[in-house]
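Subject: A structure for you to explore

Hello! Have it open while you read, and take your time.

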Amino acid sequence: MSDIGKIRIRVPSNVKAGDVVRVRCLVIHPMERIERDAQGKIIDRNYNYITRVTATYLGKPVAAFDLTQSVSENPAFSFALKATAPGPVKVTFVDTHGGKYERTEDIVFG
Amino acid sequence: MRSLTRICCAVAILAAAGAAATRDIVPAAAPAWVSRAIPEARGEINVGADGKRVAVRYRGWSTRDFGTFRTYAYDDTRPEPAPQLGPLPAGAVGDPKRGRALFLDRQRGPCTGCHLVPGDDVWPAGSVGPDLSTFGDRHLPDALIYQQLWDPRLTYPSTVMPPWGAQKIFTPAELVDLVAYLKTLRGPVPAEQDADRNPFTRRRSTGFGDNLDPTNNPAVVRAEDAAAVWKAPGPNGKACADCHAGGPQQAMRGVATRYPRVVAEHGRVMGLEDFLAVHAEATTGRALPSESEANVDVTVMIKMASNGLPVAIDTTSSAARAAIERGKTSFYRRVGERNHACADCHTTDSGANKFLGGRFLANVADGMTRHFPTWRTSQNEVWDMRKRMQWCMTPLGANMLAADSVEYAELELYLTTFDVGKAINTPGIRH
């Protein structure tokens, strides 16, 4: 899958200072890539799981998730935070193959 | 009144113009269609040196060859197998316990897919066929029950139940066990502990939320790959964007509402995916074979540009009417080991709006195409209409055709006639 690590983050569009907002995020990640040789035989069960998800808001950590191998493909996460000022929410995903995927979405006050 | 007459005239002229534009389509004169699908989507059969036939299908799908059974191919002229008498083997004694195991075996029928019987281990039971919880109280003769299992069409000519014995899905000994089990089903039925166990009281799925939210539907994220395909020049040095100005959202607005349609140049009905496969190659030199990731992604992108617009396919030209008629014939054609038709599951006369196992069967009259390509939560993949049709073939026990075959295209056209006037909403999310 070429688009491994693609992330989308959604925050509410009409935010006022002091609102508690729910942030949703989704990452495209297969978790398990099975590689095959030319005959189609599996050569390596290339297990690759996202083990840690962290989120920061205005540079300060607001949420962290520790995952096990029971996580689904293309998982979605959501968490709540109190919007004190306009600024970026950054979500970072780390997998067992050392892959690190992150994306930032700005909370804009309406 | 006068304005009404004028409108009628205008409609007649429009219809005539449509007919004139498509009248000269003669399938024989059109170039023969060669499948442009990826290898696993062509419905091919590999024959090994030992004569063993292995069906080529998608990774993880069954490779069993159903070549002895009827398919949807127009050149498959084999008739529907005739209803067959199945006399009860003399002196046979069935084992109700074995019969119950067969009734529940998900590798066989499963009978529970359509019929409810008592037991907490019966999951998931369906409601397409009658509730058999008190079947034994009918005191039917063994020979009649056996015949009903062997080939129910002798008793009920329009039944949707497969001829289990006549098609050799169950052996006579197994059917005798099933008869013995069915006779043990006596009332009174204990009170239902779990409303969801019973398909007649089960809650329906409430869906999967906003299908256009990229944090909810991975298909939306996947379709963003198509923007790169749209802009990248193919081997001819041309990109989609070079001819279709204004970006896909603007240039493709409304295009998907007209598909599937009769394409005169190719003398056949084409879905969006079929047309992309030939059009992209002819203009940019880049192959977008049917069922390739790029083809499906671009299809989602083009269809998303028509989100909210009503489906407006041509249903009036003579070529379209003839194709719709052929698609309708396919919809009611009985195929495969199970001798099923699409109509068995998807019309309210039979299975539609009922549970087949845990799955709720869609009704063709509600329109089944406007959310395709759709994200399948059970597969973690985006599927277009054709792959969904090919998926139906395995439970039917029929070999699948190529994803871009004319048969599927005309069947899709017939299904799309029920979507006319309803808003496109792509990509959907389904189980």
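K168(B) lies in the loop that links α3 and α4 of chain B. (Helices, H or I with at least four residues, and strands, E with at least two, are DSSP runs numbered from the N terminus.) Before we go on, please keep in mind that this is a predicted model, in which local features need pLDDT of at least 70, side-chain atom pairs count only at pLDDT 80 or more, and totals for chains, interfaces and linings use all residues. Residues are numbered from 1 along each chain as its sequence is written, while chains are lettered from A and ligands numbered from 1 in the order in which they are written.

Is K168(B) buried or exposed? K168(B) is exposed, with 11 other C-beta atoms within 10 Å. (A residue is buried if 20 or more other C-beta atoms lie within 10 Å of its own, exposed if 12 or fewer, and partly exposed in between, with C-beta atoms placed from the backbone.)

H139(B) also has a positive phi, about 50 degrees, without being a glycine. You will find H139(B) in the loop between α2 (96-104) and α3 (142-150) of chain B. H139(B) is exposed, with 7 other C-beta atoms within 10 Å.

Then there are two cis peptide bonds to look up. One runs from G187(B) to P188(B), with omega near -5 degrees, and P188(B) sits in the loop between α4 (172-183) and α5 of chain B. Another runs from T426(B) to P427(B), with omega near -10 degrees; P427(B) belongs to the loop between α14 and β9 (428-430) of chain B. For background, most residues other than glycine have a negative phi, and most peptide bonds are trans.

**Helices in chain B**

Helix α9 of chain B covers residues 272-284, which makes 13 residues. From first C-alpha to last, α9(B) reaches 17 Å, close to the 18 Å expected at 1.5 Å a residue (the expected span is 1.5 Å times one less than the number of residues). Which residues of α9(B) are buried? They are L272(B), E273(B), D274(B), F275(B), L276(B), A277(B), A280(B) and T284(B). Their cover includes α7 (240-243), β3 (261-263), β4 (268-270), α10 (293-304), α13 (385-396) and α14 of chain B.

Now turn to α11 (residues 318-332) and α14 (residues 406-416) of chain B, which pack at an angle of about 95 degrees with their axes 7 Å apart. (Axes are lines fitted to C-alpha atoms, for helices over the stretch in contact, and angles run from 0 to 180 degrees between N-to-C directions.) α11(B) and α14(B) are therefore roughly perpendicular to each other; angles under 35 degrees count as roughly parallel, over 145 as roughly antiparallel, 65 to 115 as roughly perpendicular and the rest as oblique. Among the residues in this contact are A323(B), I324(B) and F331(B) from α11(B), and L411(B), L413(B) and Y414(B) from α14(B). (Two residues are in contact if their C-beta atoms, placed from the backbone, lie within 7 Å.)

**Sheets in chain A**

In chain A, 4 strands form an open antiparallel sheet in the order β6-β5-β8-β9. (Two strands pair if DSSP finds at least two bridges between them.) The edge strands are β6 (60-66) and β9 (100-107) of chain A, each of which pairs on one side only. From one strand to the next, the twist averages 15 degrees.

β5 (residues 50-57) of chain A pairs with β6(A) in the antiparallel sense over 6 bridges, and T56(A) stands opposite P61(A). β5(A) and β6(A) form a hairpin with 2 residues between them, and L58(A) in the turn has a positive phi of about 55 degrees. How many bridges join β5(A) to β8(A)? There are 7, and β8 of chain A spans residues 87-95. Y57(A) has V89(A) as its bridge partner in β8(A).

Another open antiparallel sheet of chain A has 3 strands, in the order β1-β2-β7. β1 (7-10) and β7 (76-82) of chain A each have a single partner strand, so one side of each is left without a neighbour in the sheet. The twist averages 20 degrees from one strand to the next.

Happy exploring!
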